Structures are given as C-alpha cells and as structure tokens.
Amino acid sequence: METERWVNRERAIWNMLALRPRPQPLESITSYITRLAEANGLQSIDELGALAEGITFSSLKSPDYPAVAYLALAQVTGYPEERWFDMTFFHLLQRFGYAINRYSLHKFFHGSLTSSLRYCPVCLAEHTPAYYSLLWRFLVLPGCMEHGVRFLSQCGHCTSPLPLLRDLPQLIRCPTCQGDLRTCLPDPLNEDEVEPTMQRTLDLNMLLTPGSRPLPEEQAKLIGKRFQVLRQRRDLWVPEIARLLGRETSVIRDIDYVSRFRKASLKDYMQYVALLGYSLREIFDEQSLEELAEPLSEEQLLEQVETAIRQLKARGKTVLPGNVGDLVGMTGSRLKQYPRVKKLLNRYETERKREIFQFDPKLEEELVKQVEDTLKQLEAREEPIVLQHVCDLVGLTYSWMVKTYPRIRVLFSEYQRNQVGRYRSPRSDEEAKVQQVQAALNVLVSRGEPVTLKRIRQMVRLTQKQLRRSPRIRGLLAPYIGKWQREAS
Ligand SMILES: [Zn+2]
Ligand SMILES: [Zn+2]
C-alpha cells in the first residue's frame, strides 16, 4: 500500500512537464495545449497527450468543451483541476444550469460557435505571452472590443482557414504558409458595431468566468424566472416573443419554464435577451437571482396577478383563473390557494357572470341562427356531431348557453331526440359505436358531468381497446384525452 502510493507519486513527478506556462485570462484550452507543447519543445500536441494518459488531442472535435480527459493534464502540469475547466465553456454551461453531456452541448451551442480559429492579430501581437481567447469562438462577436477591429477568420497572408488545434504546436504561425499571424491586418469595426460588441463581450466575459458563489441546483429555473420577470416588464407574452424571434413557442417556454427535454440554445437565450433590451449580465445579476430563489410572498404574487389581468384586458381576453395562471406560471387552482389572490379572481368571475347573464333577445336570435348553421354545416360534411363541439365553434360553453337561452335549450334537446331516433336505423358496427360514443358525450356534457374515458366506457359498454381501435372514436375523444393528459401532467 505504502509502496504503491510512493510509486504513484514518483510517476507523477516524473511526468510533470519542465515548463509550465501560466494560463492567461479567458485563454482557451486549445491555446494552452498548444503553448504547453511549444514551451516544452514537443514536436506534436499528441506527444503532450501521450504524457497525459494517452489523449489524442489532434482528434478532438470540440476542444473547448469541458472534458474529463483534461483532468489528466492537471497531473502533468501540477495545476489544479478547476483551472483546466476555466479554459473551457464549463462556467458558461454551469451558469445556464446545463448538464455536461456531449449531445446536449452540441444542441446548446448550435449556431453560436466558429469551428475554426478566429483571431485578433493585435491581441496576438500585444499580449505577452500571445494566446487565443475563448471569446474569439463566439459568432455573436464581430470583433475585438479591446482593439476595435474585426476578427480574422483565415490567414491574412495566404487566406487559408486555420484549424483550432493542429498537430504541430505553433500558436502564431499559419500552418500552410508559416506566415506570422501577428502581422495580419484587420479591418476596424463599423461605428454601429462598437457598442453591441462591447456589451456582448462583457456578457460573455461574465458567463465564462466563475461566479463568486456556488450555483444552486435549480439554476436553469431561476434564469427562466428572471426572463419571465423582465418579459413581464416589457409587457410581452411568450407567443409574442416567439413570433418576434421567428422561433417556436416551445423554445421560449423552455427558457422561461425549463422543459424536461431542453430546446433552447445559447443563441436563443441571446436573441431573447436582446429583444427584451437587457444584457445577460442583468439576467444573471446575482442579487436578483437570489431574491427569486426565495418563495414568492402573497404580496408579490398578487402583483404578478394584477399585471397578468391588466395584460389580458389590454388584449381583449377574458380574465379567467386559468388564463391568469398561464401567465404567472401556476395553475388556476394553485393561485386560488392564496386568499387575497382568490378574492381578486373571484371578483372578476362574478363580474363576468353578471355581464353574461344579462339576457339579450337579440343575441339569442343571433346565437340560434349560428348554432343552426353550424349544425347544418357539420351534417353536410357528415362529421360526427357533439353538441359541446358545436358550442366551441360558436365560442361559448354548453352549460352557459343552455342556462341562459331557452330557445337554444329547446333546439339542443330537439336535436338530441332526433339523433337518438337515428341510431335505430341499421348501420355498420363501426358507425353504431361512433354514434353511441357521440350520444354518451352529449349526455355527459348536457348533464354537466366531467367527460372521462371511464365514464364513456361504462355508458357505451365498450372496452378501452375497442374505443381506441376506431380512428373516428379516437378523433371524437381526442380533445378530451388531450385535456386529461394536460391536466395530469
Ligand atoms: Zn484584440
Ligand atoms: Zn497562411
């Protein structure tokens, strides 16, 4: 045991490289590997890899991603493991609460990174030692903030593209023409690029540097809450953001509420924050995030609910607990567990009912006509008719229509009677089943009973399998089944 430890230590010392340059601020691991090999007079970066548990650096496809393999380098340099992660995208990923697995990383960075070297020749010339910055990899930056110049993405002498890592360790020479990259001439940044470049550089600087305190487990959710708060301040809804960015609603929802299967990429986060007119530094503001980690007080929730109500009204939408809940990221029933919020929501409900129950004969006339037309259309298309769907098409609930308008009540009950009469005619087995399910749906809806699969099965005496086998029945039940699944999840 003792001997083994001694041997290990001996081997560690033996493997330690003679020259160990100090990593520079935001230096990329690509740069450091090259410098380390160069400083120690190695002929190839794989020679360095051989010392570090046999890593083949030249075959790394995404060298600046955090990889466990780099820990082997800690041994040959004596630099602590954490310092190696500082040279990768590790801290940025941690900040977004991203799990480090290669597949999701590719998705997360999609459209954000260059795959070959971009560089600022002035940086290479002025900094001693010369090194590559992690910042250069981000496409969102057109150039170098420090020198106000555009990055070059090829050799300025021979225009060859430059790989991130090359076998021969040469940091400042073009592998094709051996030209000195420090003497290449960059273009200045356009005037209107200077300010955004500065803001984004500061943002990325913050993301790539370790924070002052450990990040909580629910980091992604906290960031999402920050986006929600700032989005609310701009009076924008998730679908509105999605439309403005030309992205799917699910991507924006993923940022705000964090889905199980992550959809948003770094680019999405960046475009979203730019649309809101904030910087990522404001999103990641540690103080604000800490406050969000605290459970919401009733006072704060009430404020959010009031904002949601104001927004619903401004968009001509009905103030319902569900609608409000959607906007504050909580279910309607959960909202009502807060007495003051409940009181506020109830007030709106009462107000709405009062408006609704005012009987209006002219409106009744119109509705009767609309319902009759809808029924006729559905019949003409030979679509299965469920009265609740008819009401949905008219845009009102069945129970309310029947309660408020006697003529509609008569119309519906007549319709149901006729429909029952129709079952008696001989029909195919499938048709009969469809009709049965339709009738059962109508009965449940007209009694105001909840529509459940179990209840339907009891009424029509069919097994779940029989119900599911028929595509038409599945179609009939689909809106309810979707609803149950949503409610269950
Ligand atoms: Zn520069
Ligand atoms: Zn060249």
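This is a predicted model: local features need pLDDT of at least 70, side-chain atom pairs count only at pLDDT 80 or more; totals for chains, interfaces and linings use all residues.
1. Residues are numbered from 1 along each chain as its sequence is written, with chains lettered from A and ligands numbered from 1 in the order in which they are written.

2. The protein has 27 helices and two strands (DSSP runs numbered from the N terminus: helices are H or I, at least four residues; strands are E, at least two). The radius of gyration, over C-alpha atoms, is 32 Å, well over the 23 Å that the globule rule (2.2 Å times the number of residues to the power 0.38) gives for 489 residues, so the protein is more spread out than a compact globule.

3. Helix α10 (residues 219–233) packs against helix α12 (residues 249–257) at about 110°, with axes 6 Å apart (axes are lines fitted to C-alpha atoms over the stretch in contact; angles run from 0 to 180 degrees between N-to-C directions). The two helices are therefore roughly perpendicular (65 to 115 degrees). Gly 224, Phe 227 and Gln 228 of α10 meet Ile 255, Asp 256 and Tyr 257 of α12 (contact: C-beta atoms, placed from the backbone, within 7 Å).

4. In α12, the buried residues are Val 251, Ile 252, Asp 254, Ile 255 and Asp 256 (buried: 20 or more other C-beta atoms within 10 Å of the residue's own, C-beta atoms being placed from the backbone). Their cover includes α10, α11 (238–245) and α13 (266–276).

Note on methods: Angles under 35 degrees count as roughly parallel, over 145 as roughly antiparallel, 65 to 115 as roughly perpendicular and the rest as oblique. Two residues are in contact if their C-beta atoms, placed from the backbone, lie within 7 Å. A residue is buried if 20 or more other C-beta atoms lie within 10 Å of its own, exposed if 12 or fewer, and partly exposed in between; C-beta atoms are placed from the backbone.
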